Amino acid sequence: MTAQEPCQPSSGCQCPSTEEGSRREFLGVAVAAVAAALTGCEKLSAEEFLQDKFTELSKDDVQKVIARLEKEYKEKYGKEVKVGNAPPVPGTIFGYALDLSRCIGCRRCVHACVKENNQSREPEIQWIKVLELEKEEGVNLQHAEQYYNPDEVPREGHFYMPVQCQQCKKPPCVKVCPVGATWREKDGIVVVDYNWCIGCRYCMAACPYGARHFNWGEPTIAAKDVNPETHYLGNRPRPKGVVEKCTFCIQRTRQGKYPACLEVCPTGSRKFGNLLDKESEIRYVLENKRVFKLKEELNTQPNFFYFYGV
Amino acid sequence: MTQTPRPSILPGLFACVLALAATAVTAEEHKKPHAAAVEVPKDQVQVPKPPFTEGIFPCSQCHDPSAMAPNQKRRVLKDMHTEISLHHGPDTRWCLDCHDAFSRDNLHLANGKLVSFNTSYQLCGQCHGDKLRDWRVGVHGKRTGMWNGAKQYLLCVHCHNPHSPHFKPLKPMPPPARPEAIQLKNGGAK
């Protein structure tokens, strides 16, 4: 600590660091034991209980947290699960566009998403909800049906509108979080720190798109189904009692790949790219097609767009 | 309710290639999207091999001009290629409007210029110019690979059978569980 830095009351700068460390350690174990006794979360380790907010962790602490998580996942699933923490790609704001004139409602995206992002399987949490809408009504959500299950899609007189997290520029979910466990990253992805989320579900109430989902029970996912390529803020296996959401496949897109839902779409309805890149597909869509935002009147300012490609 | 295809897809269909039966999708050719204009001529886009029915190409293995003179009379085929039923464009259209009678392993444009099966999008683009334009920039059809780098492209015929180009309906994957069903499984609503 430098002389110029103001003394934090909690950091105990007067004390020698070793003493501070041992006292903190002791307190940590004691607090964790009490917390375990009170909350019944006997699986919660002292380190996890004392882990700071992800955004406030030092680089070393992030590595420690990741190492701990990887160890826990290995014990739980019996295989190596890599937990990444790739930062946003500089000069990138992700945008997504979905062609309503092409989507046929086959739900390939819904299930590819579940597979990629390690959602609970029983009951299955799905980050994408495909709405069947009536052509006569247009985008009228009062006439939306999400449980449609005919032999073949598209059904006559209907069109299909997949809804997932719209990665808003003004995300109401972030605004209401009482603990700051969810935020918008520099590349426009709204993420959740599952280790900081307290499960109050305010964000679910605030989201006008129904894009957030809660782990009411211990998430169930067979070891063989776990996707081992994960990101701390994305698809790593979640604990019970936290909220989760679409992250544009943060573990893929920050490595330059397309999201899983886009790659599986048989009709090519889904377009993804960097809004700041004038040459990108997404910019072409925004500049040349008829585009709208879902519930634009709420001023959430989504980076997810719907368009008519035909 | 009847299960007919959506009419709004119709304008999205690619046209004019006649002898390709779309079966398998093979695809491993990469291309830098932004470098495209430099690497390949403007009317050329690198694409995977066309999805031929196995054993059907090259056409010249049967259509040997020395053994069989091409019959250019407009007719319904009775001996060969009977599995092909043409649902594409006007009734008067037939095989040799797109396939070349004298260079069997090629297609031809309206002006007679030969086009290989690997660049059949040029033929499709004669009628569906707006789709070709969107396809070149990656908005019509699917791109896979990297959003900021190498992408894999598909030919029109990988998704649209040129003889019957309407995108075929699919069986939807299972719907989400209803809350009641989840409650029932857990012993009913509390």
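Predicted model: local features only at pLDDT ≥ 70, side-chain atom pairs only at ≥ 80, totals over all residues.
I started with strand 11 (residues 290–292) of chain A, which is joined to strand 12 of chain A by three bridges, the two running antiparallel. Across that pairing I found Phe292(A) opposite Tyr306(A) of strand 12.

Next I looked for a partner in strand 2 of chain A. Strand 2 (residues 94–99) runs parallel to strand 12 of chain A, with four bridges between them. Here I have Tyr96(A) standing opposite Phe304(A) of strand 12.

Is strand 12 of chain A mostly covered or mostly open? I get mostly covered: of the five residues in 304–308, four are buried.

Then I turned to the contact between the chains. I list 42 residues from chain A and 33 residues from chain B. On the chain A side, the elements giving two or more residues are helix 4 (108–117), strand 10 (270–274) and helix 9 (281–288). Strand 10 of chain A gives the most, with four residues. By class, I have that side down as 16 nonpolar, 13 polar and 13 charged residues.

Last entry, Arg74(B). I located Arg74(B) in the loop of chain B between helix 1 (36–39) and strand 2 (106–108). Why do I call Arg74(B) exposed? Because Arg74(B) has 11 other C-beta atoms within 10 Å, and the cut-off for exposed is 12 or fewer. I also checked Arg74(B) against Val47(B): they sit 27 residues apart in sequence, and C-alpha to C-alpha they are 32 Å apart in space.

Terms used
Residues numbered from 1 in each chain as written. Chains lettered and ligands numbered in written order. Buried ≥ 20, exposed ≤ 12 C-beta atoms within 10 Å, placed from the backbone. Pairing = 2+ DSSP bridges. Contact = placed C-beta atoms within 7 Å. Nonpolar A, V, L, I, M, F, W, Y, C, P; charged D, E, K, R; others polar.
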